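Student: I'd like to learn how to read a structure like this one. Can you take me through some features?

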Amino acid sequence: MGVGTLVAASLGIDGLVSDESPSDGADPAPMRSLNSGEGAPASVVACPNGPLLIRGDFELVGPDGEELPRTRRTVALCRCGASVLKPYCDGSHKLIGFRSEP
Amino acid sequence: MKQPSPRGDISALVLAVISGTAESQQEPLARLDRLVESAVAATADILHDDDLQLALFCQYELHYSGIDEAGDDWEWNPDLLRVRHRIEAALEARVRDEVVLGSLPEATSEAVCQELFRMTGEDSGPSMSRFVAKSATEEQLREFLVHKSIYQLKEADPHTWVIPRLAGRSKAAMVEIQADEYGNGLPARMHSALFARTMRSLGMDDTYGAYLDAAPAITLAVNNLMSLFGLNRRLRGAVVGHLAAYEMTSSQPNRLYSRGFKRHGYGEDATEYFDEHVEADAVHEQIAGRDMAGGLVESDPRLLQDVLFGAAAGLAVDTLMTVHIMEAWESGRSSLRPSESMAS
């Protein structure tokens, strides 16, 4: 089973790298429950004019490889740059009129 | 839930009837039916009618936590249900009058999602969240929690009724959202539990229904609308639209609410409920718009109008509650029912 690893720099989406890594038994323990889904591959929805919505099995880590605090299985990552909860979305894209479409 | 104080002949009779046995209540039920028939025709505005809203709230409550002294058999008593139908038909008609839908989008997931974001992004009147962030007094924070407590202590429950009526993508999305609302297996993380913690940190009673007597008709109407949508399968599109609208109007207001409590020196015990919603609902609104509401419409395009109606209805009735609260606060009055003191 492949578990996607997402590296998010604390500054936001500019530091986001998506990377597939083999991880049989390599998950760190604390967030195990969130990382042990039914083997569903990670899927990323680029929400029009909004965040990146990530579902399935993945790890979310900082640039040092340490897992970021995470309390839910599915997360929305900021891509407008305005969130105060980066790397997570806080809905700010609506206030600044962020457009992902031309 | 403990029995609330009646607000007129009809709510008094409902509470009296459900305290007895069905066999002993045939005559009072017949009287109740006649009273309600004339009251729904005569009311100036059912959304602000304390007696009818409380009567309906109590009848719906039989499906949730029940009411002290009321036998469980009343939940499906056909004579009481007939009375309930009269009130909820009048409520639905009133809300349909209030709501004007624009031109319908295509019945695709993305078009429905975009339309819901458009509707929820429109300026809908006074902003309670900005006021709470900047100006609300400590007493007004408590009032704000009283209004919210009627729903938030059972947060997510009215929408959960619809789950078995959905299928596929829409159902999976709804369950994904509701699982988060219910704490992902951790009782202390349930949103209703986080809200109870906020109330306790302000020295308030977190018992479900403790402040029901203080809640004005319009606050009960906000709740009755959700139960109306949630308990009627024919309105499954509306309850899905209603939840989507709630998720889409949550992140930013909750950030501001949190700021209001911090301004008065309250810590994480009080603010975590709001802070949690900023992040959670930024996720939920995407799932709700695209997969839950959009997915439902794609699987059954006939529900397009109902989904948008449910969203618009939720926004409209919530706006009326906000107007009620802000008008009271701006003129230096309490927004709660006058007889109630806010014991803390």
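Tutor: Let's go from a chain to a loop, and then to a pair of helices.

Tutor: First, some ground rules: this is a predicted model, where local features need pLDDT of at least 70, side-chain atom pairs count only at pLDDT 80 or more, and totals for chains, interfaces and linings use all residues. Residues are numbered from 1 along each chain as its sequence is written, chains are lettered from A and ligands numbered from 1 in the order in which they are written, and side-chain values use heavy atoms, with hydrogens and water left out.

Student: How many helices and strands are there in chain A?

Tutor: Helices (H or I, at least four residues) and strands (E, at least two) are DSSP runs, numbered from the N terminus. Chain A has two helices and six strands, and along the sequence they come as β-β-α-β-β-β-β-α.

Student: And what share of chain A do buried residues make up?

Tutor: Buried means under 20% relative accessible area, exposed over 50%, and partly exposed in between (1.4 Å probe, protein chains only). Of the 102 residues in chain A, 41% are buried.

Student: Is S83(A) buried or exposed?

Tutor: S83(A) is buried, at a relative accessible area of 5%. You'll find S83(A) in the loop between strand 6 (75-77) and helix 2 (92-96) of chain A. V84(A) sits in that loop between strand 6 and helix 2 too, but V84(A) is exposed, at 57%.

Student: What does the side chain of S83(A) have polar atoms close to?

Tutor: A polar contact is a pair of N or O atoms within 3.5 Å; within protein, one must be able to donate a hydrogen and the other to accept it, and residues adjacent in sequence count only if both atoms are side-chain atoms. Here a polar atom of the S83(A) side chain lies 2.9 Å from the backbone nitrogen of L85(A) and one lies 2.6 Å from the backbone oxygen of Y88(A).

Student: Which residues does V84(A) touch?

Tutor: Contact means heavy atoms within 4.5 Å. Leaving out residues up to four places away in sequence, V84(A) touches D90(A) and R255(B).

Student: At roughly what angle do helix 9 and helix 14 of chain B cross?

Tutor: Axes are lines fitted to C-alpha atoms, for helices over the stretch in contact, and angles run from 0 to 180 degrees between N-to-C directions. The axes of helix 9 (residues 168-181) and helix 14 (residues 268-299) of chain B come within 7 Å and cross at roughly 155 degrees. Angles under 35 degrees count as roughly parallel, over 145 as roughly antiparallel, 65 to 115 as roughly perpendicular and the rest as oblique. Helix 9 and helix 14 of chain B are therefore roughly antiparallel.
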